[in-house]
Amino acid sequence: FPNVDPAIIVLVEHEDKCLLGRQSRWPSKMYSTLAGFVEPGETIEETVHREVFEEVGVHIDNIRYVGSQTWPFPGQLMLGFIADAKTTEITVDGVEITEAEWFHFSQLPDKLPSIQSMSGRLIDYFVKQVMAA
């Protein structure tokens with residue numbers, strides 16, 4: 001059996017806004033959801049909390065599983081979630097995430113991940129949920 005590294009990816013929401021971040025190596029103005037690897041001995045839920053706080057300094061709750069996606073190289077299983085923000089002040093880590101912003105569902109950045117990716121599906125799911133409410 002191949003080795004598979006579990007990772008999480010999460011869209012953090014607050015009212016009708018979502019928190020998206022970008023890495024410096026990405027194309028200009030490209031934003032995505034937050035993600036990271038599960039550390040040994042850590043639950044998936046602990047990973048979601050830790051990654052969001054480490055990358056943007058936001059506390060979350062009400063984590064909901066949305067779906068999964070495999071990435072064959074380097075062998076990841078990405079588990080996708082939506083979570084509610086308990087705090088909204090952003091403090092980027094400056095290492096993994098160099099910019100992060102709250103975006104209203106109707107004013108998302110022009111450059112987003114493809115709908116074929118888990119990140120793109122989470123963003124699409126968020127928009128549809130807000131519009132249906």
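Predicted model: local features only at pLDDT ≥ 70, side-chain atom pairs only at ≥ 80, totals over all residues.
Trainee: Where is the place of Ser119?
Mentor: Start with the helices. Residues 118-132 make up helix α2. The place of Ser119 is in helix α2.

Trainee: Is Ser119 buried or exposed?
Mentor: Buried means under 20% relative accessible area. Ser119 has 4% relative accessibility, so Ser119 counts as buried.

Trainee: Which residues is Ser119 in contact with, leaving aside its neighbours within four places in sequence?
Mentor: Contact means heavy atoms within 4.5 Å. With those sequence neighbours set aside, the contacts of Ser119 are Ile9, Ser32, Thr33 and Pro113.

Trainee: How many salt bridges does the count come to?
Mentor: The rule asks for a side-chain nitrogen of Lys or Arg within 4 Å of a carboxyl oxygen of Asp or Glu. By this rule, the count is eight.

Trainee: How many residues apart in sequence are the parts that Arg50 and Glu39 tie together?
Mentor: Arg50 and Glu39 form a salt bridge, with their closest N and O atoms 3.6 Å apart. Arg50 lies in helix α1 (residues 44-56), while Glu39 is in the loop between β3 (34-37) and α1, so the pair ties together parts whose separation in sequence is eleven residues.

Trainee: How far apart are the closest N and O atoms of Glu42 and Arg50?
Mentor: Both residues are buried: Glu42 has a relative accessible area of 17%, and Arg50 is at 16%. They form a salt bridge, and the closest N and O atoms are apart by 2.6 Å.

Trainee: What separates Lys128 and Asp124 along helix α2?
Mentor: Lys128 forms a salt bridge with Asp124, the closest N and O atoms being 3.0 Å apart. The two are four residues apart in helix α2, so their separation is about one helical turn.

Trainee: Which residues do salt bridges that share partners join into one network?
Mentor: Arg50 pairs with Glu39, and Arg50 also pairs with Glu42. Shared partners join these and others into one network: Glu39, Glu42, Arg50, Glu51 and Glu54.

Note on methods
Residues numbered from 1 in each chain as written. Heavy atoms only, no water. Buried < 20%, exposed > 50% of the residue type's maximum accessible area, 1.4 Å probe, protein only.
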